[in-house]
Amino acid sequence: AFEGPPGSVRTNLIEQAVSVADAMDDDMLAYELRMELIESAFFHGQGERALVAFVWCLSFADRNPDEIDTHGLLWKFKWILGVMPRLPQISRAKILEMIDDMGRRVEKEGFSQRPVHYMRWKELLTMGDLEAAVPEIELWRRARKDDLQDCEACEADSEVEYLAACHRDEEALQRAKPILAGKMVCAEVPHLTLGLIVRPLIRLGRLDDAKRYSERGYKLTARNDEFIPAVSEHLLLATRTEKLVRGLRMFSRHAAWAFETGMPARRFRFDCVASAFLQKLARAGIPVETEPTISKKTGKERPPARLLLPLDHPCHREDDQYDPSELAKWYRHEAESLAEQFNRRNGNDFYTRWLNETHELAEV
């Protein structure tokens with residue numbers, strides 16, 4: 001597993017190794033392998049697999065507190081708390097219960113409650129409960145910093161996400177300034193941030209700025225399926241600005257990511273934009289396969305842009321001849337179905353409003 005590249009193959013191989021360790025009754029090895037499985041699954045959209053492995057590790061840690069790296073376990077606890085609200089089958093009560101559990105463990109080990117408040121307001125944000133997040137944000141800001149907190153860049157990116165979700169667009173862009181200027185960076189920032197500022201810039205009518213940042217952001221995210229939400233925002237901008245051939249390439253390149261992800265919230269984000277893009281593509285009458293073009297930047301010939309779907313997609317056709325309007329209906333139905341699931345769990349209509357706004361911003 002560790003000799004190959006990250007992705008589903010590695011995750012599958014680690015799972016096989018876990019099975020062997022279980023069969024050997026080597027619980028410590030099984031724990032260590034599951035911790036690796038959590039990381040592999042988490043970073044490649046397999047949230048439920050990461051969650052199952054983590055629950056086992058948590059139980060093992062409770063039985064063997066002197067044998068495990070507590071800091072490492074608590075760090076992965078934050079990841080799992082980030083996964084849970086993105087799975088609509090997990091109840092709101094269970095999500096909040098798990099945050100409280102982390103709070104008790106953090107206190108027992110002498111760490112600050114800062115990451116607990118941070119994860120609580122981020123989960124409330126994901127569940128669309130923006131008002132309930134406010135007091136947790138204030139507690140987070142006042143809490144003592146230590147080495148269990150996220151990096152400065154990630155925390156700033158999360159604030160940008162919250163402000164954008166609240167339509168506090170000028171504030172979101174102001175908070176993003178040090179990230180956009182390269183003063184705050186990490187493995188996922190500015191990758192995520194460059195996607196998050198697309199909607200505020202569209203709402204403010206700053207389409208030229210949106211194009212500039214989107215071009216930069218898409219280059220950073222186009223090769224990693226972890227960034228489906230960011231890629232979806234870049235597709236939204238291509239749809240809004242009538243760059244439909246560019247959108248055609250983006251859709252065909254990333255449709256498999258969204259369809260195969262184990263994170264329904266990520267799939268929802270793509271499905272929302274895909275339904276708007278395909279509807280606009282149908283109205284524009286652009287063919288599902290274009291002629292080769294010459295790149296303005298390199299002067300080299302670019303291959304045709306084609307409307308493609310993964311082989312196991314329910315709408316896949318062997319001849320790759322699709323009706324964009326029919327595909328738009330399919331993606332709209334999928335997005336509405338997921339929105340209903342999340343809304344029912346969350347007790348609000350946040351996901352339906354997100355879907356509707358996506359179509360409004362795309363001007364469909």
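Colleague: How many residues does the largest nonpolar core have, and which of them have the most contacts inside it?

Modeller: The model is a predicted one, and what follows should be read accordingly. Its largest nonpolar core has 111 residues. Those with the most contacts inside this core are I38, L73, F251, F268, F270 and L278. Helix α15, residues 264-284, contributes the largest share of the core, namely 10 residues. In soluble globular proteins, nonpolar side chains tend to be buried together.

Leaving aside residues up to four places away in sequence, F268 touches A335, L338, A339, Y351, W354 and L355.

The largest pocket has a volume of about 1400 Å³. Its lining consists of 46 residues, and R86, K122, D157, E161 and L192 are the ones that lie nearest the centre. Helix α15, which gives the largest share of the core, is also among the elements that each supply at least two residues of this lining. The others are α4 (70-83), α6, α8, α10 (191-196), α11 (198-203), α13 (228-240) and α17 (350-361). The largest share of the lining comes from α8, with 6 residues. By class, the lining of the largest pocket divides into 24 nonpolar, 7 polar and 15 charged residues.

The second largest pocket has a volume of about 1000 Å³. It is lined by 26 residues, of which E215, R246, R249, K297 and R302 lie nearest its centre. Two or more residues of this lining are given by each of α12 (207-221), α13, α14 (244-260) and β1 (293-294). Helix α14 gives the most, with 6 residues. The lining of the second largest pocket has 8 nonpolar, 6 polar and 12 charged residues.

Charged side chains also pair with one another. The structure holds 32 salt bridges. Side chains of opposite charge can pair when their charged atoms come close. One of the bridges is formed by E15 and R49, whose closest N and O atoms are 2.8 Å apart. This pair links distant parts of the chain, as E15 belongs to helix α1 (residues 8-23) and R49 to helix α3 (residues 47-63), 34 residues apart. E15 is partly exposed, with a relative accessible area of 29%, and R49 is partly exposed with a value of 23%.

A further salt bridge joins the side chains of E136 and R120, at 3.3 Å from N to O. E136 lies in helix α7 (residues 130-142) and R120 in helix α6 (residues 114-126), so this pair ties together parts that are 16 residues apart in sequence. Both E136 and R120 are buried.

R175 and E159 also meet through their side chains in a salt bridge, at 2.9 Å from N to O. Because R175 lies in helix α9 (residues 169-180) and E159 in helix α8 (residues 152-165), the pair ties together parts that are 16 residues apart in sequence. R175 is partly exposed, with a relative accessible area of 26%, whereas E159 is buried, with a relative accessible area of 11%. Finally, salt bridges that share partners join D169, R199, R203, E233, R269 and E357 into one network.

Definitions and conventions:
Residues numbered from 1 in each chain as written. Predicted model: local features only at pLDDT ≥ 70, side-chain atom pairs only at ≥ 80, totals over all residues. Heavy atoms only, no water. Salt bridge = Lys/Arg side-chain N within 4 Å of Asp/Glu carboxyl O. Helix = DSSP H or I, 4+ residues; strand = E, 2+ residues; numbered from the N terminus. Buried < 20%, exposed > 50% of the residue type's maximum accessible area, 1.4 Å probe, protein only. Core = buried A, V, L, I, M, F, W, Y, C linked by side-chain atoms within 4.5 Å. Contact = heavy atoms within 4.5 Å. 1 Å grid on protein atoms, 1.4 Å probe; cavity = no way out; pocket = protein on both sides within 12 Å on 5 of 7 lines; lining within 4 Å. Points joined across faces, edges and corners; volume = space filled by probe spheres on them. Nonpolar A, V, L, I, M, F, W, Y, C, P; charged D, E, K, R; others polar.
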